[in-house]
2 protein chains.
Amino acid sequence: MKDLPPKEPAAPEGRRTTIVTLSRQIGVAPSTISRALKGDTRISAETRARIARLAQEWGYTPHASARTLSSGRSGLIGVVLGPPTNPFYTGLLHEAVRQAAARGMRLLVIHAGAGAIEDMTADALLQYQVDGCLITSVELPSHVGAVCAANGVPVVMVNRVARLNSSAVTCDNRFGSRQLAELLLGQGRRRFALVRTSTSSSTGQERDQGFCDALADMGVERPLRLDGRSSHQGGFAAGQQIAALPVGERPDAVFAVSDVMAMGVIDALRMAGLSAPRDMAVVGFDGLPEAAWPHYDLTTVEQPLPAMIGRALDLLQARMADRSLPDETVSLRGRLVVRGSSG
Amino acid sequence: MKDLPPKEPAAPEGRRTTIVTLSRQIGVAPSTISRALKGDTRISAETRARIARLAQEWGYTPHASARTLSSGRSGLIGVVLGPPTNPFYTGLLHEAVRQAAARGMRLLVIHAGAGAIEDMTADALLQYQVDGCLITSVELPSHVGAVCAANGVPVVMVNRVARLNSSAVTCDNRFGSRQLAELLLGQGRRRFALVRTSTSSSTGQERDQGFCDALADMGVERPLRLDGRSSHQGGFAAGQQIAALPVGERPDAVFAVSDVMAMGVIDALRMAGLSAPRDMAVVGFDGLPEAAWPHYDLTTVEQPLPAMIGRALDLLQARMADRSLPDETVSLRGRLVVRGSSG
DNA sequence: ATCGGATGCGCAAACGTTAGCGCATAGGCT
DNA sequence: AGCCTATGCGCTAACGTTTGCGCATCCGAT
């Protein structure tokens, strides 16, 4: 009944159990151990089984650095994360951690937040030999892009349009915002306001265009445009402006290009004594968990985050295996989630 | 005017510039390069300067894996991150990334979220030879603890009490919630509700106790206790219960042990037609940026996050340098931030 | 009996850095 | 002039894995 986990069962000198420890135990070459452990069929099935058992018994753990040094592959994905003011990035990180782990990869956080990325920081990509890079920041930091390109490190942007030397996976922003527009138009709304981000991200622009195109198709006049930071505060400020409009000029529907901003709008309206579905419809985009809070009850388009991360990792892994693959952009359709805020 | 950044200036064969590339260029031993680059004073100042210049010229980037393999130090900090439902962890991550980078270290995200951590995942700690571990999860995942302890990897818990084989840095929860209690008592509030987390984290318990002790000191009866998940939803549910109380039994102040929960409480009250400072005071704990939103305007105790992360990294680095250092717990005082929600 | 090809594994050279010794050279001291 | 201590580097052996070859052995086919 030796049920103990393989806790240094026979590594007496406190030295790590390595591939040669095993090789000496069992009387085969280290290379055989290495191959057996990764399932190389050139090694007979029974030898592989014996080796697997031995490794288990001795609590063998591969040494990632040694593998990296020898093979050039680190199993690490460099991540540049967007600002904390948008919970979307938080969800994205969590999903990425989970899925990467399932594929045997880990996330190395290179940079997080809004600030510019320093060159020194970007060098970590090289130092740690990341196999690929996941970027969700507003813009592909130039130095990171250069470093990756110069070293053949594949880059995938998530929720951003592709730049030079990068693939990308996004939500179908145009289609999504068109759906929102059509929903509102179908309700008879005709006076629109559009709350956008001042830093014109590709995502924001696409949502803007998709929405406005749908309005144009119906011959509805262009919406009132308000710009602000992509955060609750940005939306809040826009909401205050909207609330301050003379009653006659008030829109009957407002589309904020991100859920956080929409939440800000709602809060601002409320503080001005206006209410989300009653005085005007408010819709957002992203599908944050927060948008479902009863207090917001926000109609939005939910980005298919798990699928997006999955595709992003697919793209990355494909390009790790074959560096010559051309850049690719995939866009996935989101799901319109109709809640109370749209009336 | 050769202003180009050191972009493979002379690495013709696409081979990485290594320490021996440099050593051959300049005619010294590789070991000398290594020592010079890390400022070893045994190398003359002028040689060091020459080498530094050469390295710059050739765009030399150290190979982290090689260093790790040889020296045993990876420059990596393993991170276990709490659930995405509490923005506190997001802020913590951002701060940690920034400060770690400033100290030349990177964050390897081992696990994120509420789910249990798998053994395989924990093994990444060993594989990548992390120098230390930062844990903010609710409880120290047992396997992670075991792995770290067995391999002498220092562990620091943040916002959690220390477990066996770990140091910790927390906010002074008792003092903070006492301050909140005294603030409310000073206003004449006497009927209290306490919204707690059902999973009894050390943090939650301490805040509970600090608050109740202060009440007891004033001879005020024990508060009504409501338990829920540590999220907006948990707080929301508690808020609904409070709102549903007969008017005579309603508290005149509620303390939610975290800001997210307090936000949930406020939203629930509001949906029931009650309002935060008017019908009862609501206070939280953490000092989230979200708490400052005009819509919440939440009185809270702000955890000194930058200082906490700083101390956590201090503890970690000290224990990397000297593994024999005893575990240490430091608690830092937060700052009472009085806003509108407390009336 | 001989040959040809699988099948199964071993050899040894990388990968880039670090660190324990050890060996010169130079200068100051007696 | 000889000895001693710095000062400044070089040698070399790790660190643990991977991988391109290459070499046996064994099987069946000729």
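**Helix crossing and DNA surface**

Author: Helix 8 of chain B passes helix 9 of chain B in a right-handed crossing, the near helix being turned clockwise from the far one by less than a right angle. This is a predicted model, in which local features need pLDDT of at least 70, side-chain atom pairs count only at pLDDT 80 or more, and totals for chains, interfaces and linings use all residues. Residues are numbered from 1 along each chain as its sequence is written, chains are lettered from A and ligands numbered from 1 in the order in which they are written, and side-chain values use heavy atoms, without hydrogens and water.

Reader: At what angle do helix 8 and helix 9 of chain B pack?

Author: Axes are lines fitted to C-alpha atoms, for helices over the stretch in contact, and angles run from 0 to 180 degrees between N-to-C directions. Here the angle is about 40°, with the axes 7 Å apart.

Reader: Which parts of DNA strand C do Ser34(B) and Arg35(B) approach?

Author: A polar contact is a pair of N or O atoms within 3.5 Å. A polar side-chain atom of Ser34(B) lies 2.5 Å from a phosphate oxygen, whereas a side-chain N or O atom of Arg35(B) is 3.0 Å from a base oxygen.

Definitions and conventions. Helices (H or I, at least four residues) and strands (E, at least two) are DSSP runs, numbered from the N terminus. A polar contact is a pair of N or O atoms within 3.5 Å; within protein, one must be able to donate a hydrogen and the other to accept it, and residues adjacent in sequence count only if both atoms are side-chain atoms.
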